[in-house]
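Here is a short report on one protein model.

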Amino acid sequence: MPKLTLPVRLALLVAGTMLPLIVFAVGIVFHNYQQDRQAATQRVLETARNIRLLLDAEMQRMTGGLQVLALTNSLRNSDFDNFRRVAAGFIDQYGKDGVVLVADRGGRQVFSSLTADTASLPPRNNLEILGKVFATRQPQYSNLFFGAVKQRLIITVEVPVMRDGEVLYDISFSPPIEVFQAIIEKQRLNQDWTISIFDSDGVNLARVPNPQATIGQRAAPSLFAEMFRRSEATLPTVSLEGVALITGFTRSRVTGWTVAAGIAENSLVAPLWRSLAITSVIGGVLLLVGLGFAVRMATTIARAEMLHDLLIEELNHRVKNTLAILQSIATQTFRTASRAERDKFEGRLGALAEAHNLLSTDKWQGSDLQEVVSRVLRPYLLNASERVKMFGPRVPLSPRLALVLSMLLHEMATNAAKYGALSNDTGTVTLDWEILEEGAGPKLRMIWTEAGGPPVAAPVQRGFGSRLIERSARDQLGGEATVDFLPQGVVYTVTSSLEPGD
């Protein structure tokens with residue numbers, strides 16, 4: 001065997017040293033890829049949940065509007081001429097393509113917002129859901145079907161019209177499909193995402209991308225079967241376009257519909273190959289100058305690039321959710337457009353802005369409950385700090401919980417300033433909170449107690465602020481809110497589930 005020269009021996013020595021280090025560097029890249037894949041899996045499920053919450057809120061708003069129409073005397077007395085004027089105000093919220101129909105038990109249409117000539121209208125062709133309304137006396141949500149009046153695919157919200165304890169009519173509203181399409185388009189982070197809303201039969205009623213080609217089609221086979229086994233899950237799927245996705249889906253308890261969100265597998269694999277290429281090139285260069293520093297630098301650069309993309313997507317996601325919250329508040333507050341309601345909206349928007357300022361200071365890592373409370377109550381602490389007392393342990397909050405709790409505390413403080421303990425010069429407010437260790441996980445309980453204000457009397461009917469507190473605690477905090485109108489002062493009790501990491 002010929003004797004190896006020194007340069008060759010040195011080359012072999014360097015190569016023998018480099019190979020394990022390159023393998024180690026590749027292992028780091030793959031480890032980072034696995035972490036990013038796990039984060040993406042969680043992100044698609046969170047996105048599906050957020051869209052489901054927005055969808056449920058919109059459907060409940062539609063249902064509430066129909067229930068108000070069902071209580072009008074003109075409808076219950078079959079005075080359809082007067083009812084037409086009332087229904088027009090409801091339809092105007094959704095544009096010209098929204099249609100309100102009223103049918104009797106046999107499916108005969110006795111009213112249509114499209115025409116006063118009901119004799120020429122065909123009978124209802126979705127008698128199954130009509131029968132459910134008369135049988136259950138509860139609102140119902142249809143699957144996608146071909147409407148006899150609109151002559152295209154529609155969905156309907158159905159509400160019973162009661163008279164003397166019996167169901168007199170069924171009032172049905174078919175909103176424009178564009179309402180649901182707009183919801184998912186606003187939540188789509190980028191072109192790598194596929195988002196769908198399916199009815200309870202697994203048929204697309206809204207989708208991005210390619211809505212024109214896919215609405216009315218069943219979910220892809222890889223997703224369809226799993227949707228009926230579980231109400232919520234994440235799994236690998238293949239889209240109707242043949243794109244491999246990481247998909248998360250969740251079913252609505254309100255409508256029975258399913259929201260699915262998926263991100264293309266290729267969007268995660270491409271950074272992996274890019275990182276491997278960078279590592280290989282740098283490893284070759286460092287054959288001359290040493291591998292240790294170069295491998296560390298290559299891994300840092302690759303990781304920083306992945307984290308940069310992730311942070312940009314997360315920031316867009318937060319901003320879009322914030323816009324959705326603002327849209328919901330504006331819809332509720334400006335329905336009658338009075339000055340008082342504008343003031344309410346500005347106050348709620350101010351509370352939301354304060355929460356955003358606090359979260360932005362902490363780079364959206366969440367905030368402490370004490371800081372959230374102090375921000376909201378700052379206007380009431382400036383001149384009379386002794387009138388508002390706060391007690392409780394340190395409680396870190398996720399960004400979502402910080403936003404929701406800010407809105408609830410703002411409503412309580414506003415009510416106290418208008419009607420309660422902060423409306424005079426002697427009243428006081430005590431806010432204390434504690435962590436309850438019970439059930440599936442820890443819960444936060446806050447108690448807002450007023451004293452020394454004007455005499456308290458329970459209101460005849462609840463305002464929007466009270467409904468906001470109760471629904472937000474139930475739907476967004478996973479807890480509940482109660483209010484007790486005691487003679488000495490109002491007492492609010494709010495419980496909230498604490499998310500992992502809070």
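## Overall picture

The accessible surface of the protein chain comes to about 25,200 Å², and 57% of this belongs to carbon and sulfur atoms. Areas come from the Shrake-Rupley method with a 1.4 Å probe; for residues, only the protein chains shown count as cover. This is a predicted model, in which local features need pLDDT of at least 70, side-chain atom pairs count only at pLDDT 80 or more, and totals for chains, interfaces and linings use all residues. Residues are numbered from 1 along each chain as its sequence is written, and side-chain values use heavy atoms, with hydrogens and water left out.

The protein chain has 13 helices and 19 strands. Helices (H or I, at least four residues) and strands (E, at least two) are DSSP runs, numbered from the N terminus. Of the 502 residues, 45% count as buried. Buried means under 20% relative accessible area, exposed over 50%, and partly exposed in between (1.4 Å probe, protein chains only). Among contacts (heavy atoms within 4.5 Å) with a separation of 6 or more, 60% come from residues 24 or more positions apart.

## Helix α4 and its buried face

In α4 (127-136), Ile 129, Leu 130, Val 133 and Phe 134 are buried. Seen down the axis of α4, the buried residues fall within an arc of 140°, so they line one face of the helix. The arc is that of the directions from the helix axis to the C-beta atoms. An α-helix has 3.6 residues a turn, so residues three or four places apart point the same way.

The buried residues of α4 pack against β1 (99-103), β3 (140-141), β6 and β7. On the other side of α4, Glu 128 and Ala 135 are exposed. Arg 137 follows α4 and has a positive phi, near 60°.

## Salt bridges

The structure holds 13 salt bridges. A salt bridge is a side-chain nitrogen of Lys or Arg within 4 Å of a carboxyl oxygen of Asp or Glu. Arg 108 forms one with Asp 104, the closest N and O atoms being 3.2 Å apart. Arg 108 is exposed, with a relative accessible area of 53%, whereas Asp 104 is buried at 17%.

Which residues does Arg 124 join in one network? The side chains of Arg 124 and Glu 158 meet in a salt bridge (2.8 Å, N to O). This pair links distant parts of the chain: Arg 124 sits in the loop between β2 (109-112) and α4, Glu 158 in strand β6 (residues 157-163), 34 residues apart. Asp 170 and Arg 124 also meet in a salt bridge (3.3 Å, N to O). Asp 170 lies in strand β7 (residues 166-174) and Arg 124 in the loop between β2 and α4, so the pair ties together parts that are 46 residues apart in sequence. Asp 170 is buried, with a relative accessible area of 0%; Arg 124 is buried at 7%. Salt bridges that share partners join Arg 124, Glu 158 and Asp 170 into one network.

Strand β10 (residues 232-238) and β11 pair in the antiparallel sense over seven bridges. Strands count as paired if DSSP finds at least two bridges between them. Val 238 stands opposite Ala 244 in β11. The two strands form a hairpin with five residues between them, and Gly 242 in the turn has a positive phi of about 85°.

β11 and strand β12 (residues 258-264) also pair in the antiparallel sense, over seven bridges. Thr 258 in β12 is the bridge partner of Arg 251. This hairpin has six residues between its strands, and Gly 256 takes a positive phi near 80°. Strand β11 (residues 244-251) is mostly covered: six of its eight residues are buried.

## The five-stranded sheet

An open sheet of five strands has the order β14-β16-β17-β19-β18, with mixed pairing. Its edge strands are β14 (388-391) and β18 (480-486), each of which pairs on one side only. Strands β16 (residues 428-438) and β17 (residues 441-451) pair in the antiparallel sense over eleven bridges. In this pairing, Val 429 stands opposite Glu 450 in β17.

Helix α12 (residues 399-418) lies across β16, β17 and β19 (489-497), running at about 15° to β17. Axes are lines fitted to C-alpha atoms, for helices over the stretch in contact, and angles run from 0 to 180 degrees between N-to-C directions.
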